[in-house]
Amino acid sequence: MKDIKYYSDYLNINLSDLQIQQFNTYMNMVIEKNKVMNLTSITDPEEFALKHFADSLSLISAVSRAESIKNSEISIIDVGTGAGFPGIPLKIAFPQIHLTLLDSLNKRVNFLNEVVEELSLEHITTIHARAEEGARQKDLRDSFDFAVSRAVANMSALTEYCLPYVKVGGYFIAYKSGEIEEELNTSKNAIKLLSGAIVDVVNTTLCRFR
């Protein structure tokens, strides 16, 4: 069975027994809560490990400053986090980061608070707000080393939502699948208007099921 340990080794991320246990507890909490609240269409453990956990952690292979994520107390905001992806997997794997989870649905935020308490996660903040509202808050705007999002919005909208959270010299990383060249081209004006610049597009491939 290809589980989180399999994929963490593939990504050169060393997990302790406690961290593996946290990943499994988190997965079980999402699947259980999914019975009463729509969090994910993926409930098979192997698919969950690949499409939620490994995908979230793939940020490591896409960032030139990956060592800073592994070894420093950097700040990350996960905008439109939903069930906590990619933020909580990143926090479990790299507990020293300071993480903020932002979502527009209070029921999801309440669930995330349950996860944070159950997993005994520290240096983590949950915020109930729409992305554009949060970006207007003085304590959030221009405040983070990284903004990340797996939201389904197009790049132009995501840029407007997420880039305002990033401090000067920081990065907004959008998780995307498939061909994104056209979408990226249409977002260039929004990126420029917000004083950003496209640094790179990194294609990552995770090992698939047999």
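Reply: One cut-off is needed at the outset: a residue is buried under 20% relative accessible area, exposed over 50%, and partly exposed in between. Please note also that this is a predicted model.

Me: Is tyrosine 171 buried, exposed or partly exposed, then?
Reply: Tyrosine 171 has a relative accessible area of 27%, so it falls in the partly exposed class.

Me: And phenylalanine 146, buried or exposed?
Reply: Phenylalanine 146 is buried, with a value of 0%.

Me: How many aromatic pairs are there in the whole structure?
Reply: The search finds nine aromatic pairs. One of them joins phenylalanine 146 and tyrosine 171, whose rings are stacked at 5.7 Å centre to centre with 20 degrees between the planes.

Me: Which residues form the aromatic cluster?
Reply: Phe23, Tyr26, Phe48, Phe53 and Phe85 make up one cluster.

Me: Changing topic: why is strand E2 described as largely enclosed?
Reply: Strand E2 covers residues 98-103, and five of its six residues are buried, so the rest of the structure largely encloses it.

Me: What does E2 pair with, and in which sense?
Reply: E2 pairs with strand E1 (residues 75-79) in the parallel sense over five bridges. It also pairs with strand E3 (residues 124-128), again parallel and over five bridges. Threonine 100 in E2 is the bridge partner of isoleucine 77, while leucine 102 stands opposite isoleucine 127 in E3.

Me: Which helices connect these strands, and what is the handedness?
Reply: From E1 the chain passes through helix H6 (residues 87-93) to E2 in a right-handed β-α-β crossover. E2, helix H7 (residues 106-119) and E3 likewise form a right-handed β-α-β unit.

Me: Now charges. How many salt bridges are counted?
Reply: The count is eight salt bridges. Among them, glutamate 114 and lysine 33 meet at 3.9 Å, N to O. Glutamate 114 is partly exposed at 38%, and lysine 33 is partly exposed at 23%.

Me: What about aspartate 103, buried or exposed?
Reply: Aspartate 103 is buried at 3% relative accessibility. Its side chain forms a salt bridge with arginine 108 at 2.7 Å, N to O.

Terms used. Residues are numbered from 1 along each chain as its sequence is written. This is a predicted model: local features need pLDDT of at least 70, side-chain atom pairs count only at pLDDT 80 or more; totals for chains, interfaces and linings use all residues. Side-chain values use heavy atoms; hydrogens and water are left out. Rings of Phe, Tyr and Trp (its six-membered ring) pair if their centres lie within 6.5 Å; planes under 30 degrees apart count as stacked, over 60 as edge-to-face and the rest as tilted. Buried means under 20% relative accessible area, exposed over 50%, partly exposed in between (1.4 Å probe, protein chains only). Helices (H or I, at least four residues) and strands (E, at least two) are DSSP runs, numbered from the N terminus. Two strands pair if DSSP finds at least two bridges between them. A crossover is right-handed if, with the strands pointing away from the viewer, the path from the first strand over the helix to the second runs clockwise. A salt bridge is a side-chain nitrogen of Lys or Arg within 4 Å of a carboxyl oxygen of Asp or Glu.
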